[in-house]
Amino acid sequence: MSDLVLQHLDRGLLTVTMNRPERRNALSAEMQFAMLDALHAATKNAEVRAILLKGAGGTFCVGGDIQAMTTKAPATLEENVTDLRSRMEISRLVHQMQKPVVAQVDGAAAGAGFSLALACDLRIASESAKITTAFAKIGFPGDYGGTFFLTKMIGSAKARELYLMSPVLSAQEALGLGIVTKVVPDAETEKVAHDVAMSLAQGPTIALGYIKKNINNAETMSLEDCFDGEALHLSRCRDSTDHKEAAKAFVEKRKPTFAGR
Ligand SMILES: CC(C)(COP(=O)(O)OP(=O)(O)OC[C@H]1O[C@@H](n2cnc3c(N)ncnc32)[C@H](O)[C@@H]1OP(=O)(O)O)[C@@H](O)C(=O)NCCC(=O)NCCSC(=O)/C=C1/CC=CC=CO1
């Protein structure tokens with residue numbers, strides 16, 4: 001396990017911390033591969049029922065390490081494409097895994113760090129967070145699925161504006177655009193993000209996974225295919241312990257306890 005990505009599992013919640021605070025968690029190659037390993041393992045581990053993704057030292061992630069970009073060894077176009085595409089699996093795993101992923105966006109989310117936050121299901125932002133696509137300012141068009149996620153989230157017109165003009169948004173501005181879920185005072189960000197993620201980790205895991213799948217389906221599939229998916233997923237949940245417990249708890253007028261199966 002790499003020190004660049006810390007992992008802590010508590011009652012179904014896996015906290016994954018990008019840990020390069022001295023560089024505001026700018027993504028080094030080693031860090032990206034460690035994240036890929038962590039996310040692959042989390043996808044397969046039934047004990048992980050939700051993930052909280054955060055950065056160490058009060059910053060989420062400022063994206064690719066610009067300092068490292070100035071000394072990068074030359075490679076062919078094909079090598080660069082293969083390399084970047086393989087690292088971008090981080091965003092695909094986050095977006096598609098059938099477990100909720102919450103981003104704790106404090107300090108800044110920029111470039112690939114912004115893309116990564118967008119790949120998550122919910123974003124809890126601190127009041128002073130700076131949020132920006134950043135790419136155009138250093139002569140890049142975008143990566144880690146950011147253009148896909150942002151366009152789906154806020155529409156093509158606004159996504160173009162944020163990528164072409166690259167403004168640095170405040171958390172409140174990002175909230176107004178629907179980019180972040182909630183803005184909280186800086187001192188409360190860690191607690192609120194943790195509480196939100198923990199409540200998902202204690203939820204009906206199978207149903208939450210299918211909610212994600214249904215909504216991901218809606219991003220790309222036809223109405224007919226989405227209906228087929230909803231019918232299949234709800235029918236599968238009928239047999240789940242959590243659905244039976246939730247129905248029983250409702251009738252008995254008590255809070256359900258979900259086991260995640
Ligand atoms: C808007 C900012 C994110 C935050 O602004 P602010 O809070 O005012 O902080 P600064 O004073 O600008 O920065 C503080 C220190 O952090 C250093 N820093 C910031 N970003 C990076 C970075 N990306 N890489 C390296 N270092 C960074 C900054 O130099 C300061 O250091 P010193 O205190 O020593 O001076 C603002 O910081 C900002 O706009 N940052 C740039 C964001 C950016 O352009 N990111 C890269 C986008 S491209 C990308 O992500 C591409 C890839 C490609 C390949 C592989 C993987 C990933 O992504």
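The buried residues of helix α4 are E89, I90, S91, L93, V94 and H95, where buried means under 20% relative accessible area, exposed over 50% and partly exposed in between, with a 1.4 Å probe and protein chains only. Helix α4 spans residues 89–96 and is mostly covered, six of its eight residues being buried. Helices here (H or I, at least four residues) and strands (E, at least two) are DSSP runs, numbered from the N terminus. The cover over the buried residues of α4 includes α1, α3, β4 (101–105), α5 (112–119), α6 and α10 (205–220); contact means heavy atoms within 4.5 Å.

A word on the source. This is a predicted model, in which local features need pLDDT of at least 70 and side-chain atom pairs count only at pLDDT 80 or more, while totals for chains, interfaces and linings use all residues. Residues are numbered from 1 along each chain as its sequence is written, and side-chain values use heavy atoms, with hydrogens and water left out.

I turn to α1 and α3. The axes of helix α1 (residues 29–44) and helix α3 (residues 77–87) come within 9 Å and cross at roughly 45 degrees. Axes are lines fitted to C-alpha atoms, for helices over the stretch in contact, and angles run from 0 to 180 degrees between N-to-C directions. The two helices, α1 and α3, are therefore oblique to each other: angles under 35 degrees count as roughly parallel, over 145 as roughly antiparallel, 65 to 115 as roughly perpendicular and the rest as oblique. From α1, residues A29, Q32, F33 and L36 meet D83, S86 and R87 of α3.

Next, the aromatic residues. How many aromatic pairs does the structure hold? There are two aromatic pairs, with ring centres of Phe, Tyr or Trp (its six-membered ring) within 6.5 Å; planes under 30 degrees apart count as stacked, over 60 as edge-to-face and the rest as tilted. F135 and Y163 are stacked, at 6.1 Å centre to centre and 15 degrees between the planes. Both F135 and Y163 are buried. F148 and F149 are edge-to-face, at 5.6 Å centre to centre with 85 degrees between the planes. F148 is partly exposed, at 37% relative accessible area, whereas F149 is buried, at 8%.

Finally, the cores. The largest nonpolar core has 50 residues, a core being a set of buried Ala, Val, Leu, Ile, Met, Phe, Trp, Tyr and Cys residues joined through side-chain atoms within 4.5 Å. Helix α1 gives the most to this core, with seven residues.
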